Amino acid sequence: MHATKGGGEGAPLRDVCSTQRTSTNSNTRAAARIVTVEERPIASSVESTTTTPPPGYKAPRFPKELLRRHRNGERHLVATQLDGADLEDADLREIDLSDSSLREANLLSAVLSDSKLCRTNLAHANLAESDLRRADLSGAELMEADLFFAALAGADLSNTNFGYTALCAVNLGQVLGLETARHSFPSFLSHDTLAASAGRLPDTFLRGCGLSDWEIEAARLHDTTLGRNELKRIHKRMLRLRESVPRQSNPVFICYASQDETLGHRIHDGLQAKGVRCWHHLRGADPSAIDHDERIRTRRNPTVILLLSTHSVNEPWVQTELELGKALSKLTKRRVVHTLHCDNAWQEHSWPESIRDQIQRKSMIDFSHSDDDPLLARQLDNLIQKHNLLARPTGTTHRSID
């Protein structure tokens with residue numbers, strides 16, 4: 001059994017799913033939790049908005065306090081800060097932990113059905129074998145979280161953020177809001193997740209997880225309701241895509257200032273249409289976010305597209321990206337950061353000698369006239385070919401996927 005992620009070959013589940021699962025009979029105990037798609041979809045019974053804590057409310061400070069208060073009937077336990085808490089096998093059904101932080105928490109086999117986890121930080125959390133049926137995880141952070149064998153029927157994942165999230169051996173076919181999910185990085189989808197979800201996953205979600213266009217077509221084949229003619233059409237399209245669209249070796253990240261978000265989205269959407277799986281990294285004034293993203297990207301051998309503009313050239317994060325990219329280039333023996341520009345501010349900026357060679361005129365691509373759709377398409381083709389974003393087979397040409 002293999003997991004699929006963007007920008008590379010599938011890897012064995014033992015290599016990509018968290019090793020935090022410690023129960024010796026975990027697979028046997030969890031196997032029954034993969035809910036079949038034939039079951040009637042379960043609508044979330046949880047309200048989408050949180051209520052204001054009552055006067056005098058104090059959030060739990062320790063795991064035992066959280067469990068005791070929940071056991072005594074208290075459900076509204078919002079804004080709880082319990083990073084790294086050990087809550088294995090905890091029964092927390094119907095709890096409201098909205099706006100809480102449970103980073104790196106151990107929630108192995110925890111019961112969180114009908115709970116509210118809106119905007120809760122669950123990055124790096126172990127949610128393997130957990131019961132999240134009908135839970136509201138809208139706006140939650142699931143970066144590098146482990147959901148191996150989690151039960152998710154009826155869960156609301158609207159605007160939830162994914163990135164290197166282990167979605168292994170889970171049924172996503174009855175999950176709500178996947179089409180609005182956000183993706184900071186590719187994620188891991190195992191074959192049995194695609195099979196259990198029966199071809200009912202939104203294309204936007206699969207692209208965000210890093211699946212190529214032909215892999216998305218292949219995922220449709222798990223739909224047991226398809227007729228013979230539709231199966232033939234999918235096979236034909238899948239084979240055409242597999243033969244014509246090249247393999248992507250490295251995940252691509254587009255970094256730009258918040259003021260350039262419109263152009264950043266156009267570049268992102270245009271590259272996706274041409275078969276390049278890429279992810280937004282919108283930059284603000286928080287340098288810690290850059291450092292965290294760079295540490296994650298470094299482990300995955302990335303390609304970074306850096307958009308230079310009047311809004312970004314004077315920002316410290318631009319120089320940080322270039323310096324970190326140069327260091328990574330020495331390790332990978334290839335150029336990691338490629339620069340684009342949408343105005344001439346980069347020419348007037350006083351760049352340090354150590355990074356000036358990374359932004360030489362000959363390596364820049366001009367996106368200053370990106371409002372012109374045909375010109376933008378040609379610029380994107382130039383970007384793909386000039387920087388080898390796709391390893392195209394000899395004799396083929398680029399085309400968008402309809």
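A: Buried stands for a relative accessible area under 20%, exposed for over 50%, and partly exposed for values in between, with a 1.4 Å probe and protein chains only. The model is predicted, so local features need pLDDT of at least 70, side-chain atom pairs count only at pLDDT 80 or more, and totals for chains, interfaces and linings use all residues. Residues are numbered from 1 along each chain as its sequence is written, and side-chain values use heavy atoms, leaving out hydrogens and water.

A salt bridge here is a side-chain nitrogen of Lys or Arg within 4 Å of a carboxyl oxygen of Asp or Glu. The structure has 14 of them.

One joins R220 to E217, with 3.2 Å between the closest N and O atoms. Both residues belong to helix α6 (residues 213-220), three residues apart, about one turn of the helix; helices are DSSP runs (H or I, at least four residues) numbered from the N terminus. R220 is partly exposed at 27% relative accessible area, while E217 is buried at 8%. R220 and E217 are also part of a salt-bridge network with D203 and R237.

In helix α3 (residues 63-71), R69 and E65 are four residues apart, again about one turn. Their closest N and O atoms are 3.1 Å apart. R69 is buried at 11%, and E65 is buried at 18%.

Helix α7 (residues 228-244) holds R233 and E230, three residues apart, whose side chains form a salt bridge at 2.7 Å, N to O. R233 is exposed at 51%, whereas E230 is partly exposed at 29%.

Terms used. Helix = DSSP H or I, 4+ residues; strand = E, 2+ residues; numbered from the N terminus.
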